[in-house]
Amino acid sequence: MTESEYQDGTQIPAAGGEPEAQAEVSPSRSLVIPRLPDDALVLLPVRNMVLFPHMLVPVGVGRPKSILAARQAIQNEQPMGVLLQRDAEVEDPGPDDLYRVGAVANAMRFVSGREGHHHLVLQGVERFRVVEFIEGYPFPVARIERIVEEQPSGPEIDARMLALRDKALEALELLPQAPQELAGAISSIQEPGVLADSVAGYLDLASEERQELLETLDIAQRLERVLSLVDYRVEVLKLSQKISERTHETMSERQREALLREQLRSIQQELGESDQKGEEIRELEARIDEAEMPEAVDAQARKELRRLERMPEGAGEYSMLRTYLDWLLELPWNVTRTEAIDIDEARGILDADHYGLERVKKRILETLAVRKLNPEGRSPILCFVGPPGVGKTSLGQSIARATGRDFMRASLGGVHDEAEIRGHRRTYLGALPGKIIQSIHKAGSRNPVMMLDEMDKLGGGIQGDPSAALLEVLDPAQNGTFQDNYLGVPFDLSDVFFIATANVPDQIPGPLRDRMEIIELPGYTQEEKVEIARRYLLDRQRESAGLAASQLELTDAALNRIVADYTREAGCRQLERELGAVARNVAVRVAEGGIESARVDAGDLADILGAPRYENEAAMRTSVPGVATGLAWTPVGGDILFIEANRSRGSGRLVLTGQLGDVMKESAQTALSLIKSRAEALGVDTEALQADDIHVHVPAGAIPKDGPSAGVAMYNALVSLLTDRCVRPDLAMTGEVTLRGLVLPVGGIKEKVLAARRAGIQTVLLPARNRKDYEDIPESTRSDMEFHWIEHVEEAADIALGLATPSGQAASA
């Protein structure tokens, strides 16, 4: 057997070789391919190309099956069937992905290139129709029915041929670079079907239109269809030529200059020269035209662009100017997010994202309602004040969702440079806009919800006062013309929905605090924390640990135990950390394969989280005379405060320890003076009082403490010591004491009451003038605790120590 060789070096049997046992060896040398039936053809699926009979076209072949099919057909000197894919994106087409009508083609040449690229030259022979696809071959094979066309004749056919030939020649004349041979070939065709196929072959048609012509078997209809397509193309070419001539005639001097510049740029590119700066300037000018900036900003941008155009690229200021123009052009001067405020939807979003906080959510809904009814009005600057972990930041995110705006957060904690807010001057190396403009730039719109976090943590130094720079930002009457030092042009901030957050309102500078509406977020009760853990925190920690909902279940008793024994905070961050520890413990056991799921009860917590961190120590602390439980307010919520008093032989001195501030020391001195003045009524030995030293200590000693609200607790601790009576263990108190024995109002009532409840306190003594704060206390707390409203310290002593003093009348609620 003689052998020939492909151009890529593959050895194939020469034509005329004998088959081996009704099978053929493929060019791959390792695959035995069954012999094709007589009425079957190897199929070559093609994309975006339709082969007509009598056409000679090159085809790129890249798919492995197509390469194998082409080599098989060439090896056996057999024609192949060329079929169009219905979807060009399909990489391995099946029978349903191919049309049923195609063209039988002879492979004239197979050329193999580098990197697996092959080219096949095909010549169409006749149409065929697929009867059925045959399985069992490494490439598409089908039984086919060849379609033999009869060339009709007659006056109608001749007339259509004449019209089609004239239109086709006319179209060739209108084409700028049509080959002369094509016109001669069309003029020499005498068969109507061949003429229609040839004209359709060189027309710029979509693949679907070509396939439709291939499937049109009636010669007269095919001629008519091709004639209409050619006629349409001729009209388009004529119209295009007219437009080109008219455009050329009306070309202005500026257009001519642009054309010359384009030609100059092409010449420079051919010569290897670059006009990058010119392209950069033209690009910047086009961006300025499209930016729709305010008139003053547009003028500034064009002025800087002219400076940039005159400046050499190597100049040190060139990159600075370019960066400045980029900032100007990338800011959303005229981009806003359309507001579609739906109050019911906003209420649903707030309720879904936050449990409790009813007063806060009510105030937010009021703000949104006013904004909906008066979009042009000035929005108030809301400032959420509360302990860490109560949901201040997430409230801002919920507002952004409810209004359909972008949410941006700028942390002000530790900012001590005015330039961080207002930006640096461009003269400084590495200058940038301030946090406000940077946030607007990131948001991509000029009306985002912008949260200024940790407002009470602003610093100050020799670089200026950042809180002073915020005065303009947070003033609705001024921020419409806010000017960043870097930009040097005004930017309108009046559409920005500003929200501030802080832990301690007193640490916000007065003028800045005056521009904001303070909305206090108190701490959560134990019931609220359990509900928040059940609704939000547990699912979040389960997902973080990679657990499904069915793999970890916490009972209500376990949740209550975690809140009561492992956390003592106003917010929920420590609670979430403890839930995360539980989830990770279960995740370890699931990953080890020991369990598939776990149900954690209260009794399991000691093994997972360790011994309880907090316990009810009020009863233990107050089980001896000289100890009273007070209530204190801290930046992270309320807390209980133990006042301890002791006496020893000395000279009547008052010793105060526990890092007490001046106001708290004065409260202790006031309480002792008040007891000395009423020693006889209280049953206190005045001689012993003058001979003994009194020592008052407030644990924990490492924490600074100050304020007048511990006056009532100090009075009762001293009376307890001097009368040798114990204060009730389930009772806590707060209030400022005067030398006349009056109890004055104090702040932070809600936080203090919640702290008392967390510590297991059942009864609270509060100043009578704080009765107005009773409604702020959650209903569940009010129903579980007993409140006494006192006006004189004698009333407090009567309730706390059981002293029957003359004025011991207490009001309870």
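The chain has 29 helices and 29 strands, taken as DSSP runs (H or I of at least four residues for helices, E of at least two for strands) and numbered from the N terminus. This is a predicted model, in which local features need pLDDT of at least 70 and side-chain atom pairs count only at pLDDT 80 or more, while totals for chains, interfaces and linings use all residues. Residues are numbered from 1 along each chain as its sequence is written, and side-chain values use heavy atoms, without hydrogens and water.

Of the 813 residues, 47% count as buried, that is, under 20% relative accessible area with a 1.4 Å probe and protein chains only. Contact means heavy atoms within 4.5 Å. Among contacts between residues at least 6 apart in sequence, 72% join residues at least 24 apart.

One helix pair can be followed in detail. Two packed helices are described by the angle between their axes and the distance between the axes. The axes of H2 (residues 155-174) and H4 (residues 192-202) come within 10 Å and cross at roughly 25°; axes are lines fitted to C-alpha atoms over the stretch in contact, with angles from 0 to 180 degrees between N-to-C directions. H2 is therefore roughly parallel to H4, the term for angles under 35 degrees. The crossing of H2 and H4 is left-handed, meaning that the near helix is turned anticlockwise from the far one by less than a right angle. H2 contributes Ile157, Met161, Leu164, Arg165, Ala168 and Leu172 to the contact, and H4 contributes Pro192, Leu195, Ala196, Val199 and Tyr202. These residues divide into 10 nonpolar, no polar and 1 charged, with Ala, Val, Leu, Ile, Met, Phe, Trp, Tyr, Cys and Pro taken as nonpolar, Asp, Glu, Lys and Arg as charged, and the others as polar.

Further along, helix H19 (residues 556-565) has Ala558, Leu559, Ile562, Val563 and Asp565 buried. Those residues pack against helices H18, H20 and H21 and strands E18 and E19.

Helix H23 (residues 662-677) has 16 residues, which at 1.5 Å a residue should span 22 Å; its end C-alpha atoms are 23 Å apart, so the two agree. The expected span is 1.5 Å times one less than the number of residues. Buried positions in H23 include Met664, Ala668, Leu672 and Ile675. Serine 667, also in H23, counts as buried because its relative accessibility is 9%. Leaving aside residues up to four places away in sequence, serine 667 touches Gly707, Pro708, Gly711 and Met714.

Valine 719 lies in helix H26 (residues 711-723) and, at 0% relative accessibility, counts as buried. Valine 719 and isoleucine 675 are 44 residues apart in sequence and 7.3 Å apart in space, C-alpha to C-alpha.

Methods: Angles under 35 degrees count as roughly parallel, over 145 as roughly antiparallel, 65 to 115 as roughly perpendicular and the rest as oblique. Buried means under 20% relative accessible area, exposed over 50%, partly exposed in between (1.4 Å probe, protein chains only).
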